[in-house]
Amino acid sequence: MTREDDRELLKTAYEAWEAENWPVAGELLERLARRHPDLPPSGTWWYDAALAYKFLRNWAKAYELGREAAARANRGAEDPAFWNLGIAATIMEDWPTARDAWQGYGLPVPDGDGEVLADFGATPVRLVNGEVVWAQRLCPTRARVLNVPTPESGRRFGEVVVHDGTPNGERTVDGRTFPVFDELLLFRASDLPTTTVEVVVEESEDVLALAEFFDERGYAAEPASGVRTICACCSEGSVSQNRNHQVAGGQRVYVAAPSGEVAGLLDAWCAAAPQRRSWTPPVES
């Protein structure tokens with residue numbers, strides 16, 4: 001190939017990139033990078049090729065090319081090549097590479113073997129259906145769902161999802177602002193089904209007591225009063241949230257617990273204040 005051929009290849013690759021034609025962009029940039037793997041611009045070609053395959057959710061290719069991109073990036077300088085490799089390596093469950101990628105980016109990830117597990121704090125995550133839930137970050141790209149998602153979401157309490165590293169909106173609670181990250185895929189499923197029940201309470205505190213009752217047993221209960229429907233544009237902007245969303249009266253509650261235990265748990269919750277609490281049989285989803 002001539003130098004002119006290389007320039008044409010590069011031009012075509014980035015025309016495909018601008019058109020978001022990720023298969024073509026990824027294939028051509030990879031071809032160019034492999035042709036000239038150590039030229040000064042090759043780090044960008046490796047990175048963009050890996051990114052194209054990330055957009056395609058082709059994690060094996062994103063991992064393969066991401067390793068090449070990270071090998072040409074500066075460690076400890078928050079180079080995104082390390083971040084994208086960290087995501088791909090996590091999905092591929094190559095924990096040594098994932099740990100090294102996070103450290104290469106400049107994050108204080110502890111040394112060790114096996115899964116990268118640490119306390120990276122709580123964050124809102126936008127699930128694949130657009131619903132935003134709160135989750136506990138286990139590493140820079142995985143988080144365990146803390147809410148009980150609505151049955152329509154396709155997700156469950158306790159599931160671990162992989163999320164992107166680029167914020168897409170924010171949520172403010174008690175004066176503190178948290179970035180919202182988009183889910184990339186389900187990493188580990190939960191065996192706790194979501195059951196929808198109807199409860200009647202005289203006081204909003206009874207709903208809070210229900211949530212605490214289930215939480216103490218390793219399960220969860222989420223009143224539908226905590227769900228707000230907003231447009232996608234607003235969801236990707238800045239939204240203020242109130243921790244205290246419980247209301248009195250008749251209402252739906254989403255319960256995450258083994259199906260055979262739901263009735264007994266609700267009966268026990270009612271028995272603590274039978275004059276104020278009641279419920280009707282569940283509908284499992």
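The model is predicted, so local features need pLDDT of at least 70 and side-chain atom pairs count only at pLDDT 80 or more, while totals for chains, interfaces and linings use all residues. Residues are numbered from 1 along each chain as its sequence is written, and side-chain values use heavy atoms, with hydrogens and water left out.

The protein chain has nine helices and 10 strands. Both are DSSP runs, numbered from the N terminus: helices are H or I with at least four residues, strands E with at least two. Along the principal axes, the C-alpha atoms fill a box of roughly 85 × 40 × 35 Å. Of the 285 residues, 46% count as buried. Buried means under 20% relative accessible area, exposed means over 50%, and partly exposed lies in between (1.4 Å probe, protein chains only). Among contacts with a separation of 6 or more, 57% join residues 24 or more positions apart. Contact means heavy atoms within 4.5 Å.

Helix α2 covers residues 22–35. Its 14 residues should span 20 Å at 1.5 Å a residue, and its end C-alpha atoms are 20 Å apart, which agrees. The expected span is 1.5 Å times one less than the number of residues. The buried residues of α2 are Trp22, Ala25, Gly26, Leu28, Leu29, Glu30, Leu32 and Ala33.

Helix α3 covers residues 42–55. Its 14 residues reach 20 Å from the first C-alpha to the last, close to the 20 Å expected. Of these 14 residues, 11 are buried, so α3 is largely enclosed by the rest of the structure. Ser42, Gly43, Trp45 and Trp46 are among the buried residues, as are Asp48 and Lys54. Just after α3, arginine 57 takes a positive phi of about 60 degrees.

Helix packing was examined next. Two packed helices are described by the angle between their axes and the distance between the axes. Axes are lines fitted to C-alpha atoms, for helices over the stretch in contact, and angles run from 0 to 180 degrees between N-to-C directions.

The axes of α3 and α5 (residues 80–91) come within 11 Å and cross at roughly 35 degrees. This crossing is left-handed. A crossing is left-handed if the near helix is turned anticlockwise from the far one by less than a right angle, and right-handed if clockwise. Tyr47, Leu51 and Lys54 of α3 make the contact with Pro80, Ala81, Asn84 and Ile87 of α5. By class, five of the residues in this contact are nonpolar, one is polar and one is charged. Ala, Val, Leu, Ile, Met, Phe, Trp, Tyr, Cys and Pro count as nonpolar, Asp, Glu, Lys and Arg as charged, and the others, Gly among them, as polar.

Helix α5 also packs on α6. Their axes come within 8 Å and cross at roughly 160 degrees. That makes α5 roughly antiparallel to α6. Angles under 35 degrees count as roughly parallel, over 145 as roughly antiparallel, 65 to 115 as roughly perpendicular and the rest as oblique. The crossing of α5 and α6 is left-handed. Pro80, Phe82, Trp83, Leu85, Gly86, Ile87, Ala89 and Thr90 in α5 meet Trp95, Thr97, Ala98, Ala101, Trp102, Gly104 and Tyr105 in α6. This contact has 11 nonpolar, four polar and no charged residues.

Helices α7 (residues 204–215) and α9 (residues 259–271) have axes that come within 11 Å and cross at roughly 135 degrees. The two helices are therefore oblique to each other. Their crossing is right-handed. Asp206, Ala209, Leu210, Phe213 and Phe214 of α7 meet Leu265, Leu266, Ala268 and Trp269 of α9. Eight of the contact residues are nonpolar, none is polar and one is charged.

Glutamate 78 lies between α4 (59–71) and α5. Its phi is about 55 degrees, although it is not a glycine. At 53% relative accessibility, glutamate 78 counts as exposed. Glutamate 93 lies in the loop between α5 and α6 (95–105). Its phi is about 60 degrees. At 45% relative accessibility, glutamate 93 counts as partly exposed.

Alanine 220 is in strand β7 (residues 220–223). This alanine is buried, with a relative accessible area of 8%. Leaving aside neighbours within four places in sequence, alanine 220 is in contact with Val148, Phe157, Phe214, Tyr254, Val255 and Ala256. Alanine 220 and leucine 107 are 113 residues apart in sequence and 32 Å apart in space, C-alpha to C-alpha.
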